[in-house]
Amino acid sequence: MNNVALMYRRFGEPESVLQLETSRCGPLAPGQLRVQMLFAPVNASDLIPITGAYRHRTPLPAIAGYEGVGVVIDGPPDWTGKRVLPLRGQGTWQQVVDCPADLAVPVPDFIDSVLAARAYINPLAAQLMLKHSPPRGKRVLLTAAGSDCALLLGQWALQAGAESVYGIHRSAVHADRLAARGITPISHHDTAAIHAIAKETDIVFDATGGEVAEQILNSLPAAGVFVSYGLLSGKLFRQQPQVRWFHIRNYLAGMSVAEWQGEFREIWPKLQASHGGDATLFSLTEWRPALTYYREAGRIAKPVFAISDG
């Protein structure tokens, strides 16, 4: 069978280096599943490697995309026809993905496929961060609060017993969404409010870096914890004793298969009960409009590739 994949053969801006390529699927290797992809989202973590930021661990040519959901079409008979997340193998922005069977995550029947496609990068990061920086009884501050990961962090922190959660947002369209989820919104431009809240904060989950990170760290108590899990601003900030760096890959290396599968058993019911962003669907051939949409200021829906109707 043929496969169509969104590939890059050199590093650069995604709009310049990505291209759709058609190839013939080879034989399925032992211990692998072959998955017909249904949906795959667009995340910052998908786009950043394409620029060459992690070129030391990104061999070329490469297929873009880190997460998604599909249906097993080849492999052991007990897997065939099941929906899975084909993770930690090939890139997911393609029609057919081969992945290690022991790392493929079965999707429960009660989870919608579009939601399942987004169950890895942000939910697992949020869950692991909250395990390593427990929020019970703490005052929590989020940056990039309108993002999928921050929305989950805020909701799950409150469920885990956080005293309060505040969210710094850039666009006014996010304020009502945050408030509806129990997260007190703070405008990115309200430096006085950021200063006042940071002074009373116990845990910060920061995805932006740059100027906002500096503002918070200048006010954060010495006993506070500042968890940095992204640099959406593209700018670094001064290292201070409160800073803890979070990279999901550092946790995956030491995680057993049983622990890996166990994390998702925890995620599924929490994800179903949470309120995240909506999804806007694009075909793989519409990858340029999908990336344009992803970069829109104030966007409240996630671009998701609808790769196959199953």
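Colleague: Let's start with Arg118: buried or exposed?
Modeller: Arg118 is buried, with a relative accessible area of 12%. Buried means under 20% relative accessible area, exposed means over 50%, and partly exposed is in between, with a 1.4 Å probe and protein chains only. Keep in mind that this is a predicted model, where local features need pLDDT of at least 70 and side-chain atom pairs count only at pLDDT 80 or more, while totals for chains, interfaces and linings use all residues. Residues are numbered from 1 along each chain as its sequence is written, and side-chain values use heavy atoms, leaving out hydrogens and water.

Colleague: Which residue forms a salt bridge with Arg118?
Modeller: That's Asp148, and the closest N and O atoms are 2.7 Å apart. A salt bridge here is a side-chain nitrogen of Lys or Arg within 4 Å of a carboxyl oxygen of Asp or Glu. The pair links distant parts of the chain, 30 residues apart: Asp148 is in helix H5 (residues 148-159), and Arg118 is in the loop between helix H3 (113-116) and helix H4 (121-132). Helices (H or I, at least four residues) and strands (E, at least two) are DSSP runs, numbered from the N terminus.

Colleague: And Asp148 itself, buried or exposed?
Modeller: Asp148 is buried at 18% relative accessible area. Asp148 also forms a salt bridge with Lys302, with 3.8 Å between the closest N and O atoms. Lys302 lies in strand S16 (residues 301-306) and Asp148 in helix H5, so this pair ties together parts that are 154 residues apart in sequence. Lys302 counts as buried too, at 8% relative accessibility. Salt bridges that share partners join Arg118, Asp148 and Lys302 into one network.

Colleague: Nice. How many salt bridges are there by this rule?
Modeller: The count comes to 10. One of them joins the side chains of Arg34 and Asp98, at 2.9 Å from N to O. Those two are 64 residues apart, with Arg34 in strand S3 and Asp98 in strand S7 (residues 96-100). Arg34 is buried at 8% relative accessible area, and Asp98 is buried at 13%.

Colleague: Switching to strands, what does S3 pair with?
Modeller: S3 (residues 32-41) pairs with S5 (residues 69-74) in the antiparallel sense, over 5 bridges. Two strands pair if DSSP finds at least two bridges between them. Phe39 stands opposite Val69 in S5.

Colleague: Where does S6 come in?
Modeller: S6 (residues 83-85) runs antiparallel to S5, joined by 2 bridges. There, Arg83 in S6 is the bridge partner of Val71.
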